[in-house]
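Subject: Structure handover, with notes on its pockets

Hello,

I would be glad if you read the two side by side.

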Amino acid sequence: MKIRCSALGKVMTNSRTKGTLSETCKTYIKELVLENTYGIKKEFWSRYTDKGTRVEKESIQMANDILGWGLTFGEINGEQLSHENEFLTGHTDICTDHLLADIKSSWNAGTFPFFDEKVDKNYMWQLMGYMFLTGHDKGSLTYCLVNTPEDMVQDEIRREHWKSNSFWNGDEDPEIIEYVRSQHNFDHMPKEMRVKNYIIERDENLITAIKERIEECREYYKLLITKIN
């Protein structure tokens with residue numbers, strides 16, 4: 001049993017009772033048992049993740065331009081790289097000899113960390129997992145604020161109309177259109193403002209903690225397998 005790096009934030013949460021797994025961690029392991037045993041996979045999709053997938057290459061290009069990463073065309077437009085070791089699996093957005101980076105494309109200006117200096121713990125654990133997998137000494141957690149694709153903007157315009165009038169007849173309100181577009185178009189802002197980069201250093205103590213927690217998870221996993229069999 002191996003853990004996805006994207007799920008490390010759940011796995012590494014601490015229980016209020018010392019010596020036991022947290023309920024968040026247990027819930028994830030239960031999902032993993034059902035997925036690995038019966039192919040029952042919990043799907044997660046939202047318009048936020050959809051945007052992230054669709055604009056990922058644009059975000060990487062903007063980060064490359066602003067941060068001077070020196071990535072080639074192939075590195076920017078290539079597929080995510082798959083990694084695996086004894087404990088973890090993961091797919092990195094950018095992984096070269098000189099750079100490990102995870103790209104987060106913000107939904108709108110309200111979700112972009114303009115002034116936040118504290119790194120999201122879930123993303124910290126995810127990137128620490130990537131460093132464990134790849135051997136990198138540091139990684140970049142990089143937020144980018146790029147325009148939302150037009151068809152998604154149109155969906156948001158309709159959603160706002162329905163929110164303001166449950167009996168909406170299809171006539172569009174110019175004020176609603178202007179409001180929605182202001183939330184999803186950022187061409188008027190300097191690109192330097194639309195890239196926020198956090199450098200996370202490799203921490204061997206945290207990597208050891210990951211290994212130990214996964215061993216604990218494996219014991220719980222075995223217990224669950226026994227129960228369903």
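A pocket here is an open set of points on a 1 Å grid over the protein atoms alone, where a 1.4 Å probe fits, with protein on both sides within 12 Å along at least five of seven lines; its lining residues have an atom within 4 Å of a point. Grid points are joined across faces, edges and corners, and a volume is the space filled by probe spheres set on the points.

This is a predicted model, in which local features need pLDDT of at least 70 and side-chain atom pairs count only at pLDDT 80 or more, while totals for chains, interfaces and linings use all residues. Residues are numbered from 1 along each chain as its sequence is written, and side-chain values use heavy atoms, leaving out hydrogens and water.

The largest pocket holds about 1,600 Å³ of space. It is lined by 40 residues, of which Ser6, Phe44, Thr49, Lys104 and Gln126 are the closest to its centre. Helices (DSSP runs of H or I, at least four residues) and strands (E, at least two) are numbered from the N terminus, and α3 gives the most to this lining, with five residues.

The second largest pocket holds about 200 Å³ of space, and its lining includes Gly9, Trp125, Leu206 and Arg213. Both α6 and α9 (204-228) supply at least two residues each to that lining, with the largest share, five residues, coming from α9.

Best wishes
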